[in-house]
Amino acid sequence: MLPLFVILPLFSAFIISIFGRVNKYFGDIFANFTNILLVFISFLTLYLLNINDLSAITYNVGGWRLPIGITLVVDYYSALMLIIINLVSFFVSVYSISYMEKYTDKTKYYVLFMLMLSGMNGVVISGDLFNIFVFLEVASISSYSLVAFGVESEELEAAFKYLVLGTIASSLILLSIAIIYSYASSLNLAHIALIINRLPVEKVLLTKFVIILLIVGFCIKSAVVPFHSWLPDAHPSAPAPISAMLSGILIKTLGIYTMTRIIFNVFFVGEDIFKLVYWLGIVSMLAGVIIALYQLDYKRLLAYSSISHVGYILLGIGLGTPLGILGGIFHLLNHSVIKSLLFLTSGSLEYSLGTRDLLKISQTNQRLPITKFAMLIGSLSISGVPPFNGFWSKLIIIIACVQSKKLFAGFVAILVSVLTLSVFIKVLKYGFYKKSLIEGQEQKSIEVKDVPFWMKFSMLGLALLCVFMGILIFPNIRDVLLVPASDILARGYEYSKIVFMNK
Amino acid sequence: MKQKTNKEGMTLIVKTITRLTVLLIVLYAIYITLHGHLTPGGGFAGGVILALSFVHVVIAFGKDFVMKKFSKEILPILESFGGLLFLIIAVLGFIGGSFFKNVFGVGKSYNLFSAGQIMPSNIAIMLKVGFGMFSAFLCLILFVHKDEDK
């Protein structure tokens, strides 16, 4: 069943490419139908893991046994990632039905979208270093073209920048894969883990070199601060649904998922690598939110806020304690939903008002009740206001910081949370309450068309998820979903035993 | 410099040579693809040679001559068909119990029709790579064309 995660979107991409011109609605219907199926299958995978009491499901491609063939592995961490990827992409593709009308070639959009989705699903399910690289390239190359989808000069420039930096990242990852293969003679993650465990001490330096290469590569993909310069250009330039995909799930799947999988389950890195990840997290948290403070372009502001929240996830993971990892994973899931929702609202504002400049938005006397509601929920959620999901994950990360005696990190986490609140208060001020707060501005009463039904539907769906994902932290649900997911990372070397046991 | 009168393409010598060689190049591409499991080469190399033969025609005869005889709408369809074919061959493995399982007969070693699914996969890759590369080339020359019009 696991190959279906790659087969279905690829099949849908090629079919849409061939038959897309027959009927105008073919792409819409086929892509959304595939997405519904994928959401169903991803929940089914989690159910199967749970009902059979397994730690992981493995699948041997071509019937070849484990160290030789390609093995697909899904454990609780991957299963949660699959659910979040397919759920967000379902809402985004529903949103694109109406939003992408203004672009000329919707068929090509769906083809690239489906290719990107298959790449992301492939990264998550493959238990093989080279397949991770191949699917990572599939997802990246489709995202380069999707960023340039508007073919204006600004978009092409952003896409070119993204292309160059993304290719550098891919080359670093490929180089490190070559080095790993040269001394482990295997590409399977579990098998590499077994071999590295028996490695003599004098080769540890080489391991560290490889890990640094991999961390730099994946940090470029996930836009952690020293390597973030492509993201604030690329994410605002893309069409809004694609920004939601990129910022919501692409940077997490290609960057953070792969990085955590490799540093926890394959190489048993020491304290210093965790310290590196931890400091990268702190730096990008602070830098992202401080730059976001003075942005007036709504999408650019959201892009910088993404950098800051990737920092939160890295901080949680870099603590290295089970609670920290749990907080990191939980924040990853939450932030995917919240940031997709916020980017979709930015798309709605652009659709109705034709601008994404916050000052210009505040000058129009617009009434967009659903969009505003979604904006409110998303802003409160991302800045960590209690009943929403963003609060719980930030709380866990802060508790984990305090538990592991890293009070400075806890302080920074609280500070960044407060700064995020102030960033989004600015957004809400320009978006909503301009009449009383901004003086001396003529309010233009322009006729705006409200957003179509499908856009409202996906915004409301993601907003509901924002409200209710907090229940994942209740003890009974946490023990079933989040604890096994963080457990598989915290147990490190056990991963290879689990995979080999399942073959 | 007589070719200035005929703006399409290159000189008569080049055109004649192209007429003679282009079919040989296509044939060579097919040979490389079909013998992918026996000799060096395979789908990717064959696809590149196929694309180069088309590029050869475009350069020798000029793009307008080619675009008249050839609808560029067909290129993405053929390319996607290559991808779809590869996927279908992989999915056929489910008959044998697993994704990508070699369900065709393996045959005798070093025969042309041996190694099961490798030859059909090579053909699929040739379609994908050849037409993909050629459409990338066409996109580049058409873009230049629009730029000159301004």
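The following conversation goes through some features of a predicted model.

Biologist: How many helices and strands does chain B have?
Modeller: In this predicted model, chain B has 5 helices and 0 strands. Read from the N terminus on, its elements run α-α-α-α-α.

Biologist: Is chain B a compact globule, or more spread out than one?
Modeller: Chain B is more spread out than a compact globule, because its radius of gyration is 19 Å, well over the 15 Å that the globule rule gives for 150 residues. Along its principal axes, the C-alpha trace of chain B spans about 65 × 30 × 20 Å.

Biologist: And what percentage of its residues count as buried?
Modeller: Of the 150 residues of chain B, 35% count as buried. Chain B exposes about 9,200 Å², and carbon and sulfur atoms supply 72% of that area.

Biologist: What about contacts between residues that are apart in sequence?
Modeller: Taking the contacts in chain B between residues at least 6 apart in sequence, 67% join residues at least 24 apart.

Biologist: How many positive and negative side chains are there in chain B?
Modeller: There are 14 positive and 7 negative side chains in chain B. The centres of the two sets lie 9 Å apart.

Biologist: Is A:Cys219 buried or exposed?
Modeller: A:Cys219 is buried, with a relative accessible area of 0%. A:Cys466 is also buried, and its relative accessible area is 0%.

Biologist: Now to helix H7 of chain A. How many of its residues are buried?
Modeller: In helix H7, residues 189-197 of chain A, 7 of the 9 residues are buried, so the helix is largely enclosed by the rest of the structure. Among them are A:Leu189, A:His191 and A:Ile195.

Biologist: Finally, where is the place of A:Ser379?
Modeller: A:Ser379 is in helix H15, residues 369-382 of chain A. A:Ser379 is buried, with a relative accessible area of 1%.

Biologist: What is A:Ser379 in contact with, leaving aside its neighbours within four places in sequence?
Modeller: With those neighbours left aside, A:Ser379 is in contact with A:Leu342, A:Phe424 and A:Leu428.

Terms used. Residues are numbered from 1 along each chain as its sequence is written. Chains are lettered from A and ligands numbered from 1 in the order in which they are written. This is a predicted model: local features need pLDDT of at least 70, side-chain atom pairs count only at pLDDT 80 or more; totals for chains, interfaces and linings use all residues. Side-chain values use heavy atoms; hydrogens and water are left out. Helices (H or I, at least four residues) and strands (E, at least two) are DSSP runs, numbered from the N terminus. The radius of gyration is taken over C-alpha atoms; the globule rule is 2.2 Å times the number of residues to the power 0.38. Buried means under 20% relative accessible area, exposed over 50%, partly exposed in between (1.4 Å probe, protein chains only). Contact means heavy atoms within 4.5 Å. Accessible areas come from the Shrake-Rupley method with a 1.4 Å probe; for residues, only the protein chains shown count as cover. Lys and Arg count as positive and Asp and Glu as negative; His and the chain ends are not counted. The place of a charge is taken as NZ of Lys, CZ of Arg, CG of Asp or CD of Glu.
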